[in-house]
Amino acid sequence: MIKKAWTGYAAVLSAIVVIGEAANLMRGGPLDFRTFANWFLTAALLVATWGYALQRPIGSATYWRPAFWVLLGATLVTIVPAALAGTAAMIVVAALLPLVAPAFYAAYRYAYRSPQVWRAGQPAA
(Lines give C-alpha, C1' and ligand atoms only; values in the text may rest on other atoms or scores of the structure.)
Protein backbone atom coordinates (compact mmCIF):
# COMPACT_ATOMS: atom_id res chain seq x y z
CA MET A 1 0.00 0.00 0.00
CA ILE A 2 2.75 2.47 0.96
CA LYS A 3 4.73 1.69 -2.21
CA LYS A 4 1.63 2.41 -4.32
CA ALA A 5 1.06 5.71 -2.52
CA TRP A 6 4.66 6.82 -3.06
CA THR A 7 4.55 5.73 -6.69
CA GLY A 8 1.33 7.69 -7.19
CA TYR A 9 2.88 10.73 -5.54
CA ALA A 10 6.00 10.47 -7.72
CA ALA A 11 3.85 10.20 -10.84
CA VAL A 12 1.67 13.18 -9.93
CA LEU A 13 4.65 15.33 -8.94
CA SER A 14 6.49 14.42 -12.15
CA ALA A 15 3.45 15.30 -14.25
CA ILE A 16 2.99 18.63 -12.45
CA VAL A 17 6.65 19.52 -12.96
CA VAL A 18 6.63 18.62 -16.66
CA ILE A 19 3.35 20.44 -17.32
CA GLY A 20 4.52 23.49 -15.37
CA GLU A 21 7.83 23.70 -17.19
CA ALA A 22 6.16 23.20 -20.58
CA ALA A 23 3.65 25.96 -19.78
CA ASN A 24 6.48 28.25 -18.72
CA LEU A 25 8.32 27.66 -21.99
CA MET A 26 5.15 28.20 -24.04
CA ARG A 27 4.65 31.55 -22.28
CA GLY A 28 8.13 32.55 -23.40
CA GLY A 29 10.02 31.75 -20.23
CA PRO A 30 13.78 32.14 -20.53
CA LEU A 31 16.15 29.31 -21.35
CA ASP A 32 19.11 30.47 -19.32
CA PHE A 33 21.58 29.01 -16.84
CA ARG A 34 19.10 29.27 -13.95
CA THR A 35 16.45 27.39 -15.91
CA PHE A 36 18.84 24.55 -16.74
CA ALA A 37 20.15 24.42 -13.17
CA ASN A 38 16.58 24.26 -11.89
CA TRP A 39 15.78 21.42 -14.31
CA PHE A 40 18.88 19.51 -13.23
CA LEU A 41 18.08 19.84 -9.52
CA THR A 42 14.41 19.06 -10.05
CA ALA A 43 15.30 15.97 -12.09
CA ALA A 44 17.62 14.77 -9.31
CA LEU A 45 14.86 15.24 -6.73
CA LEU A 46 12.38 13.37 -8.93
CA VAL A 47 14.83 10.51 -9.53
CA ALA A 48 15.38 10.15 -5.77
CA THR A 49 11.62 10.22 -5.21
CA TRP A 50 11.07 7.54 -7.86
CA GLY A 51 13.92 5.43 -6.45
CA TYR A 52 12.38 5.58 -3.00
CA ALA A 53 8.88 4.95 -4.31
CA LEU A 54 9.93 1.91 -6.31
CA GLN A 55 12.52 0.79 -3.74
CA ARG A 56 15.11 0.42 -6.49
CA PRO A 57 18.75 1.49 -6.43
CA ILE A 58 19.55 4.23 -8.92
CA GLY A 59 23.21 5.00 -8.64
CA SER A 60 24.56 4.51 -5.13
CA ALA A 61 23.93 5.71 -1.61
CA THR A 62 27.34 7.41 -1.67
CA TYR A 63 25.97 9.68 -4.41
CA TRP A 64 22.52 10.28 -2.91
CA ARG A 65 23.72 11.22 0.57
CA PRO A 66 25.57 14.39 -0.46
CA ALA A 67 23.12 14.96 -3.33
CA PHE A 68 20.29 15.25 -0.80
CA TRP A 69 22.08 18.09 1.01
CA VAL A 70 22.90 19.84 -2.26
CA LEU A 71 19.24 19.64 -3.28
CA LEU A 72 18.05 20.91 0.08
CA GLY A 73 20.61 23.72 0.19
CA ALA A 74 19.92 24.84 -3.38
CA THR A 75 16.20 24.86 -2.69
CA LEU A 76 16.63 26.95 0.43
CA VAL A 77 18.91 29.38 -1.39
CA THR A 78 16.21 29.91 -4.04
CA ILE A 79 13.12 29.73 -1.83
CA VAL A 80 14.15 32.46 0.63
CA PRO A 81 14.53 35.25 -1.97
CA ALA A 82 11.35 34.02 -3.68
CA ALA A 83 9.41 34.19 -0.43
CA LEU A 84 10.76 37.68 0.26
CA ALA A 85 9.75 38.97 -3.18
CA GLY A 86 6.32 39.99 -1.96
CA THR A 87 3.02 38.73 -0.66
CA ALA A 88 2.00 36.94 -3.85
CA ALA A 89 5.35 35.15 -4.04
CA MET A 90 5.09 34.11 -0.41
CA ILE A 91 1.63 32.67 -1.06
CA VAL A 92 2.95 30.67 -4.02
CA VAL A 93 5.87 29.34 -1.96
CA ALA A 94 3.53 28.44 0.90
CA ALA A 95 1.18 26.65 -1.51
CA LEU A 96 3.98 24.71 -3.21
CA LEU A 97 5.87 23.72 -0.08
CA PRO A 98 3.41 21.02 1.04
CA LEU A 99 3.48 19.60 -2.48
CA VAL A 100 7.27 19.17 -2.63
CA ALA A 101 8.07 18.51 1.04
CA PRO A 102 7.27 14.78 0.69
CA ALA A 103 9.79 14.57 -2.17
CA PHE A 104 12.52 15.84 0.15
CA TYR A 105 11.40 13.35 2.79
CA ALA A 106 11.59 10.57 0.19
CA ALA A 107 15.04 11.75 -0.97
CA TYR A 108 16.28 11.74 2.62
CA ARG A 109 14.84 8.30 3.29
CA TYR A 110 16.27 7.05 0.01
CA ALA A 111 19.78 8.27 0.86
CA TYR A 112 19.91 7.51 4.57
CA ARG A 113 17.16 5.14 5.64
CA SER A 114 16.81 2.55 2.88
CA PRO A 115 19.52 -0.08 3.43
CA GLN A 116 17.33 -2.72 1.78
CA VAL A 117 17.45 -0.73 -1.47
CA TRP A 118 21.22 -0.40 -1.50
CA ARG A 119 21.83 -4.02 -0.52
CA ALA A 120 19.61 -5.08 -3.43
CA GLY A 121 21.81 -3.12 -5.82
CA GLN A 122 25.03 -4.82 -4.73
CA PRO A 123 26.28 -7.97 -6.43
CA ALA A 124 25.93 -11.20 -4.49
CA ALA A 125 29.02 -12.19 -2.52
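User: Contact means heavy atoms within 4.5 Å, so to start, which residues of helix 1 meet which residues of helix 2?
Analyst: This is a predicted model in which local features need pLDDT of at least 70 and side-chain atom pairs count only at pLDDT 80 or more, while totals for chains, interfaces and linings use all residues. Residues are numbered from 1 along each chain as its sequence is written, and side-chain values use heavy atoms, with hydrogens and water left out. On helix 1, Lys3, Trp6, Thr7, Tyr9, Ala10, Ala11, Leu13, Ser14, Val17, Glu21 and Leu25 meet Asn38, Trp39, Thr42, Leu46, Thr49, Trp50, Tyr52, Ala53 and Leu54 of helix 2.

User: How do those residues divide by class?
Analyst: The contact of helix 1 with helix 2 has 13 nonpolar, 5 polar and 2 charged residues. Nonpolar covers Ala, Val, Leu, Ile, Met, Phe, Trp, Tyr, Cys and Pro, charged covers Asp, Glu, Lys and Arg, and the others, Gly among them, are polar.

User: At what angle do helix 1 and helix 2 pack?
Analyst: Helix 2 (residues 33-54) packs with helix 1 at about 165 degrees, and their axes are 8 Å apart. The two helices are therefore roughly antiparallel (over 145 degrees; under 35 is roughly parallel, 65 to 115 roughly perpendicular, the rest oblique). Their crossing is left-handed.

User: And helix 4, what is the angle there?
Analyst: Helix 1 (residues 2-26) and helix 4 (residues 87-112) pack at about 125 degrees, with axes 11 Å apart. That makes helix 1 oblique to helix 4. Trp6, Tyr9, Leu13 and Ile16 of helix 1 make the contact with Leu99, Val100, Pro102, Ala103, Tyr105 and Ala106 of helix 4. By class, this contact has 10 nonpolar, no polar and no charged residues.

User: Changing topic: how many aromatic pairs does the structure hold?
Analyst: It holds 11 aromatic pairs (ring centres within 6.5 Å, taking the six-membered ring of Trp; planes under 30 degrees apart are stacked, over 60 edge-to-face, the rest tilted). The ring centres of Trp6 and Tyr9 are 5.7 Å apart and their planes stand at 90 degrees, so this pair is edge-to-face.

User: Are Trp6 and Tyr9 buried or exposed?
Analyst: Trp6 is buried at 15% relative accessible area, and Tyr9 is buried at 16% (buried is under 20%, exposed over 50%, partly exposed in between, with a 1.4 Å probe and protein chains only).

User: Which parts does the Trp64 and Tyr110 pair tie together?
Analyst: Trp64 and Tyr110 are edge-to-face, 5.7 Å centre to centre with 65 degrees between the planes. Trp64 lies in helix 3 (residues 61-83) and Tyr110 in helix 4, so the pair ties together parts 46 residues apart in sequence.

User: Which residues form one aromatic cluster?
Analyst: Trp6, Tyr9, Tyr52 and Tyr105 form one aromatic cluster.

Note on methods: Axes fitted to C-alpha atoms, helices over the stretch in contact; angles between N-to-C directions. Helix = DSSP H or I, 4+ residues; strand = E, 2+ residues; numbered from the N terminus. Contact = heavy atoms within 4.5 Å. Left-handed = near helix turned anticlockwise from the far one by under 90°.
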